[in-house]
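This briefing goes with the sequence and model shown here. Please keep both open while reading.

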Amino acid sequence: KRRSNVILEDICVLDVASCGRETSLFEAARLMRQHHTGTLVVVDDPQGGRTPAGVVTDRDIVVEALANELDPARTSVARIMGAKVVIASASESLADGIERMRLHGVRRLPIVDHNGSLMGIVTLDDMFTLHARQAAALAEIVAKEQLHEQRARR
């Protein structure tokens, strides 16, 4: 069985927005707006190693905090982020990343380097985009082959 040689480092978004555990939800929302994203990777040692500790989304802020009347200025991201973060190594294959996301039911996968430091993120949307491009390339091959065949039979 032949596997793809695409690794997660090849497709991850390197400019990943992050914050520390004690960041307020108000500040987290501001960071999301500044970085044009709905996801922040919560890290330990935000100024240093940036080890992923969790993920918080704009939806988490609305559903877990605002809907429960938590004060976004006084509530930290640590209070609403999931208990367990699912991460992957930059050197893992795309297929392994997809399988990891499927097994854990997550849409976002923080990517770490060989030291365990945050280096990027891969999302389900990124994977859909990659697969759509590959499907379009395959469709183009079929269309060109049909065109060549039509021209050859004239």
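Residues are numbered from 1 along each chain as its sequence is written, and side-chain values use heavy atoms, with hydrogens and water left out.

**Confidence**

- The chain has a mean pLDDT of 90, and 97% of its residues reach 70 or more; pLDDT is the predictor's confidence in each residue, from 0 to 100.
- Among the elements of the chain, H2 has the highest mean pLDDT (97), and helix H6 (residues 124-152) has the lowest (83).
- Helices (H or I, at least four residues) and strands (E, at least two) are DSSP runs, numbered from the N terminus.
- Where pLDDT is low, the predicted coordinates should not be read in detail.

**Sheet E1-E2-E3**

- Three strands form an open sheet in the order E1-E2-E3, with mixed pairing; two strands pair if DSSP finds at least two bridges between them.
- Strand E1 (18-20) and E3 are the edge strands, and each pairs on one side only.
- From one strand to the next, the twist averages 35 degrees; axes are lines fitted to C-alpha atoms, for helices over the stretch in contact, and angles run from 0 to 180 degrees between N-to-C directions.
- E1 and E2 run parallel and are joined by three bridges, with Ser18 opposite Val41 in E2.
- E2 and E3 are antiparallel, with six bridges between them, and Val43 has Pro52 in E3 as its bridge partner.
- Six of the seven residues of strand E3 (residues 51-57) are buried, so this strand is mostly covered; buried means under 20% relative accessible area, exposed over 50%, and partly exposed in between (1.4 Å probe, protein chains only).

**Sheet E4-E5-E6**

- A second open sheet of three strands has the order E4-E5-E6, again with mixed pairing.
- Strand E4 (88-89) and E6 stand at the edges with a single partner strand each, so one side of each has no neighbour in the sheet.
- E4 and E5 run parallel and are joined by two bridges; Ser89 has Val112 in E5 as its bridge partner.
- Strand E5 (residues 108-112) and E6 run antiparallel, joined by five bridges.
- In this pairing, Pro110 stands opposite Ile121 in E6, and Arg108 has Thr123 in E6 as its bridge partner.
- E5 is mostly covered, with four of its five residues buried.
- Strand E6 (residues 118-123) is largely enclosed by the rest of the structure, because six of its six residues are buried.

**Positive phi angles**

- Most residues other than glycine have a negative phi, and most peptide bonds are trans.
- His36, which is not a glycine, has a positive phi of about 55 degrees.
- His36 lies in the loop between helix H2 (25-35) and strand E2 (39-44), and it counts as exposed because its relative accessibility is 75%.
- Asp45 takes a positive phi near 60 degrees in the hairpin of E2 and E3, which has six residues between the strands.
- Glu69 is a residue other than glycine with a positive phi near 60 degrees.
- Glu69 is placed in the loop between H3 and helix H4 (77-80), and its relative accessibility of 75% is why it counts as exposed.
- Gly116 takes a positive phi near 85 degrees in the hairpin of E5 and E6, which has five residues between the strands.

**Surface patch and partly exposed positions**

- Val62, Val63 and Leu66 form a nonpolar surface patch with about 230 Å² of accessible area together.
- Patches are made of residues with over 30% relative accessible area and no salt bridge, where like charges are joined within 9 Å and nonpolar side chains (Val, Leu, Ile, Met, Phe, Trp, Tyr) within 5 Å.
- A salt bridge is a side-chain nitrogen of Lys or Arg within 4 Å of a carboxyl oxygen of Asp or Glu.
- Accessible areas come from the Shrake-Rupley method with a 1.4 Å probe; for residues, only the protein chains shown count as cover.
- Val62 lies in helix H3 (residues 58-65) and counts as partly exposed because its relative accessibility is 46%.
- Leu124 is in helix H6, and at 26% relative accessibility Leu124 counts as partly exposed.
- Leu124 and Ile7 are 15 Å apart in space, C-alpha to C-alpha, and 117 residues apart in sequence.

Key
Predicted model: local features only at pLDDT ≥ 70, side-chain atom pairs only at ≥ 80, totals over all residues.
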